[in-house]
Amino acid sequence: MATTSSDSLNQVFQQARRAALQLAIADVSLKRSALGAMATALSEAKDDILEANTLDLETSREMAVSELILDWLKLTPERLQGAIDILFRLAAMGHIVSGMPTAGQLQIQRRIPLGVVALIYEAFPELGAIAAGLSLCSSNGLILRGGSEASQTNQMLVKILRQAIAAVHLPEDALVLLSPGLGETLREVVSATEIDLVIPYGRPSLIRQVVQQATVPVLRTVTGNCYLYWGDSGSVDTVLTMIVESHQGDPDAVNAIEKVLIPEDHSTSALTRLWNRLWEKGFELRGDPDLVQDFPDLAPVDADDWSQPYLTRRVAFQRTASLSSAIALINRYSSGHADCLATESYLESQQFTQAIRSRSVYINQSPRFARNPDSAADIALGVAIPGLQAGGRIGLESLTRSQRVWIGTL
């Protein structure tokens with residue numbers, strides 16, 4: 001359901017918590033049935049969902065919404081099918097809450113639900129469906145607050161998902177959509193005592209707003225602004241593959257390489273070959289003042305670009321004096337979730353991995369992010385950097401906490 005201005009948010013949150021408690025004790029087979037029913041219902045209602053999305057797109061274009069948000073908002077048949085596939089894969093898992101006895105059978109450590117999770121997101125209508133699947137699989141209640149640009153699509157999706165949950169006799173209040181038009185809803189959500197975790201997803205401005213207003217734990221998501229250090233021994237083909245593939249996430253390239261650092265004496269011919277091939281693929285390239293002076297075809301980089309994601313097919317290059325200076329720049333300016341190295345030097349790779357503070361490090365490999373990877377246990381909404389919650393992929397484990405049970409002998 002979508003709330004109206006007359007609804008009591010506190011009552012809505014309490015209903016979600018009661019629903020979460022029911023999920024926690026529900027039989028695994030019921031959860032599997034619900035997840036399968038959710039996937040089937042979305043599949044059968046594809047035309048209605050895509051029609052609602054078309055209306056959202058038309059309204060957003062009339063309101064001059066940015067091209068970035070329009071791309072995030074557009075729910076293609078492939079994107080919708082991707083969400084459906086994820087729900088089917090989660091249905092095969094059933095749940096993550098489990099016990100693991102330790103030596104002597106006197107202690108059990110298991111994963112249990114957080115309680116109620118709130119996802120605050122811009123566009124990305126399919127993200128709400130994926131979050132609903134992850135939340136049900138982990139036995140959490142879910143509060144969705146999408147942007148006004150996706151209001152009709154979100155309402156259609158949540159209506160279908162709630163009906164599917166209720167059809168297998170689980171509480172539909174485990175999934176609630178808040179209206180984005182409620183004045184103080186955002187502040188009230190991120191400060192509600194009934195909410196156990198808030199996950200903001202969208203542009204950096206939204207993430208900052210949530211972090212500044214929240215009084216409950218926030219799992220801060222991050223996209224773009226990943227760095228690559230291109231050592232002298234790294235090949236042009238390796239660097240090209242790493243950059244291009246990292247930008248192929250759909251619709252959001254979470255681990256997109258947007259900044260490339262190179263040694264001051266790096267091969268000029270290698271740089272030129274890489275840039276020509278990137279230009280051919282539609283990339284916009286920028287350079288620091290030193291590079292622009294030597295290569296006027298590069299656009300000049302802005303001083304604050306190094307700490308901000310572009311979230312588009314744009315890459316900035318900068319010369320650095322040494323590997324250690326490159327590491328210092330990366331640790332200072334990158335998003336901190338995925339940074340890369342292209343090298344054939346074992347010593348260079350060792351120095352890089354030991355000093356980089358990024359959550360994930362990729363050496364001679366594309367950092368491309370996928371929400372629906374080969375392992376169903378790694379299905380994720382996005383990537384977070386460390387904070388009050390652990391960083392890394394935001395999946396089932398992120399929506400649970402560890403509980404230890406000690407068993408005495410009387």
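Tutor: Let's begin at a pair of strands: L228 has V260 as its bridge partner in β8, and Y227 is partnered by K259 of β8. This is a predicted model, so to speak, with local features needing pLDDT of at least 70 and side-chain atom pairs counting only at pLDDT 80 or more, while totals for chains, interfaces and linings use all residues. Residues are numbered from 1 along each chain as its sequence is written, and side-chain values use heavy atoms, with hydrogens and water left out.

In total, four bridges join β7 (residues 226-230) to β8 (residues 257-263), and these two strands run parallel. Strands here are DSSP runs of E with at least two residues, helices are runs of H or I with at least four, and both are numbered from the N terminus. Two strands pair if DSSP finds at least two bridges between them.

Stepping back, β7 and β8 belong to an open sheet of seven strands with parallel pairing, in the order β10-β9-β11-β8-β7-β12-β13. At its edges stand β10 (299-300) and β13 (361-363), each with a single partner strand, so one side of each is left without a neighbour in the sheet.

How enclosed is β7? Five of its five residues are buried, so β7 is largely enclosed by the rest of the structure. Buried means under 20% relative accessible area, exposed over 50%, and partly exposed in between, with a 1.4 Å probe and protein chains only. Both faces of β7 are covered: Y227 and Y229 lie on one side, with C226, L228 and W230 on the other, and all are buried.

N225, in the loop between α9 (204-213) and β7, has a positive phi of about 55 degrees although it is not a glycine. N225 counts as buried, at 1% relative accessibility. In the loop between α10 (236-246) and β8 you will find P251, and the peptide bond from D250 to P251 is cis, with omega near 5 degrees.

A positive phi turns up elsewhere as well: that of F124 is near 40 degrees, again in a residue other than glycine. F124 sits in the loop between β3 (116-121) and α6 and, at 1% relative accessibility, counts as buried.

That brings us to α6 (125-137), one of the helices against which the buried residues of α3 pack; contact here means heavy atoms within 4.5 Å. Those buried residues are I49, A52, N53, D56, L57 and S60. Seen down the axis of α3, they fall within an arc of 145 degrees, so they line one face of the helix; the arc is that of the directions from the helix axis to the C-beta atoms. On the other side of α3, D47, E51, R61 and E62 are exposed.

Finally, α6 also supplies three residues to the lining of the second largest cavity, the largest share. Among the lining residues are A132, S135, L136 and I165. A cavity is a set of points on a 1 Å grid over the protein atoms alone where a 1.4 Å probe fits but cannot get out, and lining residues have an atom within 4 Å of a point.

Technical notes: On a 1 Å grid over the protein atoms alone, a cavity is a set of points where a 1.4 Å probe fits but cannot get out, and a pocket is an open set with protein on both sides within 12 Å along at least five of seven lines; lining residues have an atom within 4 Å of a point.
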